[in-house]
Amino acid sequence: SRSAAYAQETDRRSFRLYSLGKERRGSAVLPRGGPPGQGSTGKVKVMDTWLIALIVVLVLAAAAVYAVFEYRKRQTASLRGHFGPEYERAVSESGDQRGAERDLRARKEHRARLDIRPLDPSARQNYQASWTDTQTKFVDAPGQAIREADALIVLVMRDRGYPVEDFEQRSADISVDHPVVVENYRAAHAV
């Protein structure tokens with residue numbers, strides 16, 4: 001039974017080396033009390049398991065916060081790029097960046113639901129002629145020319161499919177497709 005004693009001693013040494021290696025690596029599952037069959041309880045170190053679970057939860061929470069932050073940053077950059085100066089005007093007017101961005105997204109959604117269509121060629125020619133006529137009146141009768149230009153814009157917008165009942169809604173709808181032009185439109189309307 002000398003070979004049996006030798007085999008048992010070899011098993012014990014192998015287990016100790018294995019256990020030492022596991023302890024150095026910080027394993028969460030280490031048996032207590034020595035090799036199996038010799039007083040081992042087979043229990044798991046609960047503290048290590050909870051610590052690992054806590055670390056995993058914290059890492060996932062940090063990743064989620066980072067993802068939300070990056071998503072919002074991309075959304076802001078997208079809106080700023082799309083709306084240009086209208087983005088800055090909306091933020092300064094509302095005083096709240098999130099509220100302004102919510103409003104700008106709502107404008108885009110509203111505009112997407114509209115059936116905007118191009119003018120037919122003959123209507124386009126008629127509107128261009130009317131616009132040229134209105135521009136020639138601006139030097140002699142600026143007030144009248146501005147009123148005619150505003151009425152002409154309303155007619156063009158109606159023919160294209162924009163809702164035209166309310167100036168603020170017209171401005172919001174125009175700002176989605178023509179964010180730079182809407183500045184001039186508002187300025188002219190204020191005159």
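Is Asp173 buried or exposed, and what is its relative accessible area? Asp173 is buried, with a relative accessible area of 1%, where buried means under 20%, exposed over 50% and partly exposed in between (1.4 Å probe, protein chains only).

The model is predicted, so that local features need pLDDT of at least 70 and side-chain atom pairs count only at pLDDT 80 or more, while totals for chains, interfaces and linings use all residues. Residues are numbered from 1 along each chain as its sequence is written, and side-chain values use heavy atoms, with hydrogens and water left out.

View 1. Helices (H or I, at least four residues) are DSSP runs numbered from the N terminus. Leaving aside neighbours within four places in sequence, Asp173 is in contact (heavy atoms within 4.5 Å) with His110, Leu114, Tyr162 and Pro163. Asp173 and Lys108 lie 65 residues apart in sequence, yet 8.0 Å apart in space, C-alpha to C-alpha.

**View 2. Helix α6, residues 142–160.** The 19 residues of α6 should span 27 Å at 1.5 Å a residue, which agrees with the 27 Å between its end C-alpha atoms; the expected span is 1.5 Å times one less than the number of residues. Ala145, Ala149, Leu152, Val154 and Met157 are buried in α6, and the buried residues of this helix pack against α5 (121–137) and α7 (167–177). After α6 comes Gly161, whose phi is positive, near 110°.

**View 3. Leu54 in helix α2, residues 46–83.** Leu54 is partly exposed, with a relative accessible area of 46%.

Terms used:
Helix = DSSP H or I, 4+ residues; strand = E, 2+ residues; numbered from the N terminus.
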